[in-house]
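I opened this model to look up its charge pairs, its ligand sites and its surface. My entries follow in the order I made them.

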Amino acid sequence: MKHRICIYQLEAYSFSQNSRIDKALCDAALASFSDLNGHTTMRKAKFWMGERSMAEDTKLAIVIMAAGKGTRLKSQRPKVLHEIGGKPLLAHVIAAASRIVAPTDIFVVVGHEAEKVREAMALTGVRFVEQFEQHGTGHAIQCARRAIKDYDNILVLSGDVPLIRTETIQQVWQFHQAQQAAMTILTAAPEDPTGYGRILRRTPESPEVEAIVEQKDLAAGQQEIREINSGVYAFQTAPLLEQIGKLTADNAHQELYLTDVAGLLRAAGKRVVAIKADDATEVLGANTIAELVALDSVLRAATANRLMAEGVTIFRPETCVIDADVEVEADAVIEPFVQLLGHTKIGAGCLIRSYTVIESCTLGRNVLVQQSSVLTDSTVADGAKIGPFAHLRPGSEIGEEAHVGNFVETKKTKLGKGAKANHLTYLGDAEVGERTNIGAGTITCNYDGVHKHATHIGKNAFVGSDTTLVAPIKVGDGAYIGAGSCITRDVPADSLAVGRGRQVVKDGWAAVLRASREKK
Ligand code: UD1
Ligand code: CA
């Protein structure tokens, strides 16, 4: 438990991505943790602390195979850029890997649509290796030969096995070292092993492996084998490099299989071992859209369960769509059919009602978001009330206790503390001061067909219903605007502006009209 806390502390530092690292805390975390994971953790932490040492960096690299086309997806998009939990498959694998080694020790093998993949992952800081033509997983590692030659060991991950957890990769690495193996294979026993390579153990009880046989190359008796190859491996680099050139494409796919290295190493008298994952779902691959969608459900269920364990109430969690990086504080309540996407953060005590979609927003505490509201790239402060049917477009900043009611749309708009826009309103490029009331049907005319213009409304102002504010325009503190006004000139503080046709009443006019119709 203590160790786990240390990992989380260290992770928190890495994610903060700034130099304000509490070194004393980090040292303390390290001191209690380094004995468990030794070398790797020390190096990881040093990287996080900005104290990386080159000598240690040459020890362990991670190679992620991500060059394949993903033919079975029948999609234009490269397979590893397909998303689950709101994030590309490859981004999940890189995130898990970056908690073990520095991004500069991670090599992603790219090939099919390499430019797109590089571009999408550019911010992660990993390095890339080109596999210009894709002749199989063995060929992918052949292409990485130069990159890995100075590392003692490498871990190999697959870009299409995205649920893999850092802890499991660590277990493989620990087992690999403890077994002094040339190759260590992470295996599993899923309900349905179809499609996966199968593990031939030397004896059922032995950790040692004789070979891996791909689905299409299985002999009659081998169909029964339940233990599958996950596509996650550890290798000692030297024996791997000795064998990798010997691969042949003499198989059903006519490809160079990385899995054949197991048999080659065995033939050379090297130790090849397998370690079985506790939970097969973690190593499920995504080769078809149906498999991809299944992984997405697994990941989202895990996210919802994690949040509920942390004190968040999610009613009918199976109907909610919550992305992997969403954060929700305890005592928030999420109703059925809510979507929380991107880097959304929800504060304690918030109530998010059904059919609301919130993408990359930060909500303070005790915010109420009523049904069917759409919030994007915006912030909402404590105690504010949004919706139903509200639309906060990018750049909206809703102040404490402010109200944005039904059929109100905001864009690049700041609503001060306690300000209210309760009905049928558009506020674009606007600033509304504290406690100002925006009447029903108010519209900021912010666009002249070419440029956008700003509207500034002071605090404690009262904008009557059905007002159009033709920007650029300023309304001073405490000013009143009569209902139905079209405001084209600035309104000074504490004044009244009325901009509408004066009402005319003609007594008896309707009766005269009716009488003249009856005569005809
Ligand atoms: C592979 C394994 C199989 C294992 C399964 C686990 C081989 C031969 N088979 O099969 O034993 O059960 O993973 O999910 O390795 N890639 C490249 N370059 C290539 C080909 C593939 O980088 O030339 C990448 C792909 O982008 C993918 C990964 O390697 O991320 C695995 O390739 P894939 O074709 O999906 O292998 P599987 O058939 O799933
Ligand atoms: Ca695969």
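I took a salt bridge to be a side-chain nitrogen of Lys or Arg within 4 Å of a carboxyl oxygen of Asp or Glu. The model is predicted, so local features need pLDDT of at least 70 and side-chain atom pairs pLDDT 80 or more, while totals for chains, interfaces and linings use all residues. Residues are numbered from 1 along each chain as its sequence is written, chains are lettered from A and ligands numbered from 1 in the order written, and side-chain values use heavy atoms, without hydrogens and water.

**Salt bridges**

I looked up Glu-335 first. Its side chain meets that of Arg-353 in a salt bridge, at 3.0 Å from N to O. The pair links distant parts of the chain, 18 residues apart: Glu-335 sits in the loop between β15 (333-334) and β16 (339-341), Arg-353 in the loop between β18 (351-352) and β19 (357-359). Strands (E, at least two residues) and helices (H or I, at least four) are DSSP runs, numbered from the N terminus. Glu-335 is buried at 14% relative accessibility; Arg-353 is partly exposed at 25%. For these words I used under 20% relative accessible area for buried, over 50% for exposed and in between for partly exposed (1.4 Å probe, protein chains only).

Next came Arg-300 and Asp-296, which form a salt bridge at 3.0 Å, N to O. They are 4 residues apart in helix α11, so about one helical turn separates them.

Searching the whole structure gave me 21 salt bridges.

**Calcium site**

Which residues coordinate the calcium ion (ligand 2)? I found Asp-160 (OD) and Asn-287 (OD1), at 2.2 to 2.6 Å. Asp-160 lies in the loop between β6 (153-158) and α8 (166-179), Asn-287 in the loop between β11 (272-276) and α11 (289-309), so the pair ties together parts 127 residues apart in sequence. Donors here are N, O and S atoms within 2.8 Å of the metal (3.2 Å for Na, K and Ca); water is not among the atoms, so the site may look incomplete. Asp-160 is buried, at 16% relative accessibility. Asn-287 is buried too, at 16%.

**Ligand 1**

I then checked polar contacts, pairs of N or O atoms within 3.5 Å; within protein, one must be able to donate a hydrogen and the other to accept it, and sequence neighbours count only through two side-chain atoms. A polar side-chain atom of Thr-137 lies 2.7 Å from an oxygen of ligand 1. For Asp-160, a side-chain N or O atom is 3.0 Å from a ligand 1 oxygen.
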